[in-house]
Every structure is written in structure tokens, then in C-alpha cells.
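I opened my notebook to work through a structure one feature at a time. These are my entries, in the order in which I looked things up.

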Amino acid sequence: MPLVMTLYYAICVFIGAMLVWNFIREKKSLNDMLLYLLVLVPLVLRILRIK
Amino acid sequence: MAVKMSRVLKIKSIFLVIVIAVMALGGLQLFKHRHYMMPIVAGPGVTKVAKLSDYSRGLKGTMADTNVFFLEGKEEGGKVLIMANTHANEPAALLAALIFIENAEVEKGTLIIIPQFNHSASRNTRPGDGYPLYFEIPTEWGVKKIRLGNRDASPLDQWPDPDVYIHYPDRQLLSFIDVRNTNRTWPGRANGPLMERVTHGAMEIMKQEKVDIAVDLHGAETMFPVTNCIVAPDKSVRIATMASLTVKAREGFDSHVEPSPSGFRGLSHREIGDHSETLPFLLEAPIPFLDQPTGPKTVKLLLDGKDPFLLSLSRKGKLFVSYDETGWPMEKRVGQHCSVVLELLRQYSRRSLQREIEVRNVPRYAEVVKNGVGHYYHDPKTADKDKVHLN
């Protein structure tokens with residue numbers, strides 16, 4: 001796997017972790033909770049090498 | 001406070017379950033599609049099956065590696081390379097290649113067939129355009145289930161895309177997406193991006209096996225001017241013209257000749273001719289499924305090519321092929337590919353008696369239209385196991 005691809009997966013994991021962290025911390029806005037999860041979908045699919 | 005926390009937790013749990021369910025449902029379908037193996041039954045003419053990585057080592061162990069079927073004749077003669085699924089969303093090409101693999105018997109010369117040329121693209125899809133993941137061809141023993149792929153290789157296999165694809169070796173600037181399009185990466189190079197390694201593998205086959213003719217099978221929109229035709233550079237144009245005239249006169253369908261543009265780089269019909277002794281031809285059959293102004297992209301549209309919007313456009317003279325209520329069924333498209341390939345071989349053989357290519361048992365246009373495509377496929381369940389190749 002080329003270095004740039006490896007970096008890309010590392011960035012996906014980092015942003016995914018941030019989204020999960022924000023989802024856990026969010027206490028008020030239902031909109032934001034849902035949006036964190038939706039934004040997470042393509043990142044998870046890529047990390048799992050599905051799409 | 002505790003009541004409020006418990007409410008938030010409950011909502012979060014519901015959201016999480018819904019999103020995970022959606023992700024699992026969608027993801028599982030895409031995962032299964034990417035890993036679905038299509039059985040190909042090697043017919044009586046197949047003498048060996050190699051891998052493209054045998055000719056381009058950089059493909060070994062990647063999703064771009066693919067099967068190469070050799071059908072060697074009883075007598076020496078010329079050699080032809082047939083490539084299908086260069087664009088994996090143009091399935092008439094694959095279906096025609098499978099008819100050759102499962103039925104052809106070669107008397108003179110050699111057929112070399114790569115049915116899934118862009119193997120990575122055949123495991124990719126275009127969910128944003130609502131592409132079905134599979135389609136089925138009815139046969140006498142059941143249905144043959146086939147993956148519908150995409151035009152370009154999967155970004156899981158080749159990524160990132162550049163801002164602009166700089167073609168090798170001409171340095172012409174092409175669209176970024178064309179770095180994953182195996183009809184823009186010719187002639188390729190051994191250590192280039194993955195798709196350049198695919199086309200490099202095919203160039204090596206042509207050089208090492210001394211291939212006389214290369215045929216790249218495609219499909220094109222009815223609203224695209226270069227459709228229903230044989231694209232050929234100057235060196236191939238005489239044979240293409242004779243083939244075009246003959247199928248029109250004898251078999252009654254149109255497949256006109258289009259010149260290969262010399263200023264547009266990366267195309268098979270351009271680069272194969274410029275970088276080898278092989279005569280290249282690219283065949284286009286109409287595929288209404290790829291046209292933009294159609295109804296939903298269903299399996300039915302893919303197979304019968306019937307669409308009311310295209311019919312309306314046809315009446316206004318906006319299409320580049322004749323189009324009526326009968327649409328453009330798959331049988332016609334596959335039959336055209338079979339007949340034009342056979343006619344190209346016949347015309348070449350007439351001019352090169354030392355390099356004749358003689359193939360039997362491949363149906364022509366009228367037979368495919370009459371019997372259907374599935375009539376020519378064999379049941380992998382009842383075939384000898386060593387004859388079944390997963391691709």
C-alpha cells in the first residue's frame with residue numbers, strides 16, 4: 001500500500017475517532033448527534049475496505 | 001438530571017442502532033458484490049488459463065489481476081487478443097467474450113481472451129446513479145448471475161487520484177478520473193499506477209505472443225456519436241471497412257467505421273497501433289442503459305434497452321442510432337459483437353494467408369438474436385471442476 005494511502009486510512013481513523021468522541025460528548029442537540037453518525041458512515045466503510 | 005441523562009442515552013442508542021443497521025445493510029451488499037465470484041466454464045477450445053500478472057508482475061496479488069484464456073488451434077496461424085469489460089458497466093462485451101470462451105473451437109491460430117480486463121472495475125459500482133449490483137441471464141439450466149461493474153477501477157485498489165492525469169508517455173493532460181480508466185491508460189508501464197500496469201500487461205501479451213489483431217469490446221450511449229461502430233486507426237481501417245460492409249450486406253446490421261483520433265492519447269485503438277505491430281480495433285454496440293436522460297437504471301433497461309424518454313428523443317432525431325419500441329435488446333448487442341469479431345478475423349485471414357485464424361462454433365448475429373445469449377452458456381454445476389474458472 002503506498003504511503004499516501006496509509007496516511008489516508010490513518011486520517012480516516014483519526015477523524016472517525018473525533019466524530020465518535022463528539023457524539024459521546026454531545027448532550028443537547030439531536031441534530032448534531034445524528035449528523036456525527038451520518039458523517040461517520042463513509043469513513044467506517046472505507047476503513048473496513050467495503051466502499 | 002438523571003432522568004434527562006437517561007433520555008439522552010436512550011436517543012443516542014436509538015440513533016446508533018439505526019445508523020449501524022443502515023451501514024450494515026448497505027455495506028454488506030457492497031462487500032458481497034466486491035467478493036462475488038462468477039464461474040466461467042472453459043469450453044472445448046480452451047487450452048490454458050494464465051493470469052495477466054504473468055505478463056505484468058506488478059499486478060500479482062492485487063484485485064486488478066485477471067484471467068487470460070488461451071484457445072490454441074490445431075494448426076499454427078495468426079493470433080488475436082479479445083478484451084472485454086475494459087469498462088465493466090458495458091456488459092455486452094463480457095457476454096460476447098464468454099460465448100467465445102465457452103464455445104469456440106480454433107482450427108488455425110490462437111484466440112487469447114481477457115473477459116474481465118478491468119477486474120477491479122468489475123468489483124466496483126455506482127450507487128449514486130442507482131446501478132443494480134448484478135444482472136441475470138436466463139439459460140436452459142437456470143440463470144447466470146453476473147456482477148455489473150463500473151467504468152473505472154475501484155478507489156479501494158487504486159487511490160489517490162491526481163488533480164490531472166498526465167498520460168504516459170505523451171504527457172497529454174487527461175481528466176483525473178481517467179487514471180482509473182483502462183481505456184485511457186494505454187500503453188501503460190510496468191511500475192505505473194495499477195491501471196497502467198493492466199494495460200502494460202496486455203501490451204506485453206501482444207509483444208511476447210506476437211498478436212496480429214487486438215479487439216477491445218465496448219458499449220456506448222445512443223446519444224454519443226461514436227456508437228454502433230468499429231473504431232480503427234489508419235493501419236486497421238481497410239479490414240474494419242471490409243468487415244463493416246460485409247456485416248451490413250450479409251447480416252443486415254449497421255456497424256460503421258470511425259477513425260481513431262491521433263491527437264487523443266491513451267485509447268486502446270490509438271496506442272496499441274502506435275506502440276506495437278498489432279492491428280487494433282475497438283467495437284462499440286449501443287447501450288441505452290448508459291444514456292443520461294432515461295428512466296431508472298434497472299436490470300430490465302440494461303437487458304432490453306427499452307426506454308420511453310429515448311424513444312421520444314429518437315422521434316426528435318437526437319439519437320445516433322435507429323431506435324423504436326423494440327429498444328436495443330442485449331441479444332442484438334452481443335450478436336453484433338460476435339459477428340463483427342468473426343468478420344474481422346475472416347477479413348484479416350484473407351489478407352494474411354500465413355497468419356490465418358479459423359474459428360468454429362461461435363454463433364453469429366442472427367443465431368444469438370434467435371436463441372438468446374444464455375443458450376450459449378454452460379452450467380458450472382455439471383461441468384468438470386477443472387473447467388470452471390472463477391473470475
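**Chain A**

I began with burial in chain A: of its 51 residues, 29% count as buried. Buried means under 20% relative accessible area, exposed means over 50%, and partly exposed lies in between, with a 1.4 Å probe and protein chains only. I noted that chain A has 2 helices and 0 strands. Helices (H or I, at least four residues) and strands (E, at least two) are DSSP runs, numbered from the N terminus. The radius of gyration of chain A is 12 Å, well over the 10 Å that the globule rule gives for 51 residues, so chain A is more spread out than a compact globule.

**How to read my notes**

This is a predicted model, in which local features need pLDDT of at least 70 and side-chain atom pairs count only at pLDDT 80 or more, while totals for chains, interfaces and linings use all residues. Residues are numbered from 1 along each chain as its sequence is written, chains are lettered from A and ligands numbered from 1 in the order in which they are written, and side-chain values use heavy atoms, with hydrogens and water left out.

**The cores**

Next I looked for nonpolar cores, meaning sets of buried Ala, Val, Leu, Ile, Met, Phe, Trp, Tyr and Cys residues joined through side-chain atoms within 4.5 Å. The largest one has 78 residues, and among those with the most contacts inside it are Leu95(B), Phe100(B) and Val334(B). Helix H2 of chain B, residues 92-103, gives the largest share of this core, 10 residues. A second, separate core has 24 residues, including Leu81(B) and Ile272(B).

Which residues does Leu95(B) touch, not counting residues up to four places away in sequence? I listed Phe135(B), Ile137(B), Ile146(B), Met330(B), Val334(B), Val373(B) and Tyr377(B). Contact here means heavy atoms within 4.5 Å.

**A hairpin**

I then followed strand S6 of chain B, residues 134-139, which runs antiparallel to S7(B) and is joined to it by 6 bridges. Two strands pair if DSSP finds at least two bridges between them. S6(B) and S7(B) form a hairpin with 2 residues between them, and Thr139(B) stands opposite Gly142(B) in S7(B).

**Helix H7**

In H7 of chain B, residues 308-315, I found Leu310(B), Leu311(B), Leu313(B) and Ser314(B) buried. Seen down the axis of H7(B), the buried residues fall within an arc of 165°, so they line one face of the helix. That arc is taken from the directions from the helix axis to the C-beta atoms. On the other side of H7(B), Pro308(B) and Arg315(B) are exposed. Asp307(B) caps the N-terminal end of H7(B), with a side-chain oxygen 3.0 Å from the backbone nitrogen of Phe309(B). Just after H7(B), Gly317(B) takes a positive phi of about 75°.

I found a cis peptide bond between Trp159(B) and Pro160(B), with omega about 0°. Pro160(B) is in the loop between strands S7 and S8 of chain B. The peptide bond from Tyr168(B) to Pro169(B) is cis too, with omega near 5°.

Asn228(B) has a phi near 55°, a positive value in a residue other than glycine. Is Asn228(B) buried or exposed? Asn228(B) is buried, with a relative accessible area of 5%. Asn361(B) also has a positive phi, near 70°, but is partly exposed at 48%.

His218(B) lies in strand S10 of chain B and counts as buried at 2% relative accessibility. A polar contact of 3.2 Å joins the side chains of His218(B) and Glu90(B). Polar contacts are pairs of N or O atoms within 3.5 Å; within protein, one must be able to donate a hydrogen and the other to accept it, and residues adjacent in sequence count only if both atoms are side-chain atoms. I also noted that His218(B) touches several other residues, including His87(B), Asn183(B) and His337(B).

Methods:
The radius of gyration is taken over C-alpha atoms; the globule rule is 2.2 Å times the number of residues to the power 0.38.
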